[in-house]
Amino acid sequence: MGIRRKPIPAAELEAWARYLRHVTPLPGVAVPMPSESAIIERVVTPAAPTPAPPAPRTKPKAPRRAALAIGVAPPGLDRATWGRFRAGKITPDRVLDLHGMTKPTAHVAVTALIAGAAAQGLRCVEIVTGHGKRGGGEGVLRREVPFWLNDSPLHALILAVCHPHAANEGALRVLIRRNRP
């Protein structure tokens, strides 16, 4: 039994010939050219208009939450709760002190604190960053923690953020979003 090969269509041979124009053969190797018997004469017929492909189905995106701002009342939080939270009357269930931690260690600790508090149904936590370097410079952790809180895994768990007291900018109180079915 012999293998029957289909002849190569003319369009493919033309594409191959265009490709070979840009190829430099290796020394001692000849570039293969298709034989004339393999070429099929192309019959030109008017093609029926092809229908436009359907638009790809995309999942509707969830609305993007506004960035958490320290000391700004978020939408959806009533005035009484915001006032109690801002005045420090909602005591933190846990306190995390970041003094002496490196940036990567502190990032892991903040993520674990917020995720763990949300999983346990805690309402408020406090993160002590410290004031930073003496002489007016802002500390690395104090600058980075707000960015970490706005990252996607934590942002969805947090309702509001403020300083526990107007004179204490070296700590942040975080109000955890409640899990409601």
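**The whole chain**

Show the cartoon. The protein chain has 5 helices and 4 strands. Follow them from the N terminus on, and the order reads α-α-β-α-β-α-α-β-β. Of the 181 residues, 27% count as buried.

**Colour by confidence**

The protein chain averages a pLDDT of 79, and 80% of the residues score at least 70. Select helix 1, residues 10-20: among the elements, helix 1 has the lowest mean pLDDT, 79. Then select strand 2, residues 124-128, which has the highest, 93. Next, pick residues 38-45. Here the pLDDT is below 50. Beyond near neighbours in sequence, this stretch has 11 contacts in the model. Where pLDDT is low, the predicted coordinates should not be read in detail.

**Salt bridges**

Show side chains now. Side chains of opposite charge can pair when their charged atoms come close. The structure holds 4 salt bridges.

*Stop one.* Select Arg 173 and Glu 126. They form a salt bridge, with the closest N and O atoms 2.8 Å apart. Arg 173 sits in strand 4 (residues 171-176) and Glu 126 in strand 2, so the pair ties together parts that are 47 residues apart in sequence. Are these two buried or exposed? Arg 173 is buried, and so is Glu 126.

*Stop two.* Move to Arg 142 and Glu 169. Their salt bridge has its closest N and O atoms 2.9 Å apart. Arg 142 lies in helix 4 (residues 140-149), while Glu 169 lies in the loop between strand 3 (158-162) and strand 4, so this pair ties together parts that are 27 residues apart in sequence. Glu 169 is partly exposed, with a relative accessible area of 38%.

*Stop three.* Select Arg 143 and Glu 144. Their side chains meet in a salt bridge at 3.9 Å, N to O. Glu 144 is buried, with a relative accessible area of 16%. Arg 143 is partly exposed, at 37%.

Which residues does the network of salt bridges link? Lys 103, Arg 143 and Glu 144.

How values were computed
Residues are numbered from 1 along each chain as its sequence is written. Side-chain values use heavy atoms; hydrogens and water are left out. pLDDT is the predictor's confidence in each residue, from 0 to 100. Helices (H or I, at least four residues) and strands (E, at least two) are DSSP runs, numbered from the N terminus. Contact means heavy atoms within 4.5 Å. Buried means under 20% relative accessible area, exposed over 50%, partly exposed in between (1.4 Å probe, protein chains only).
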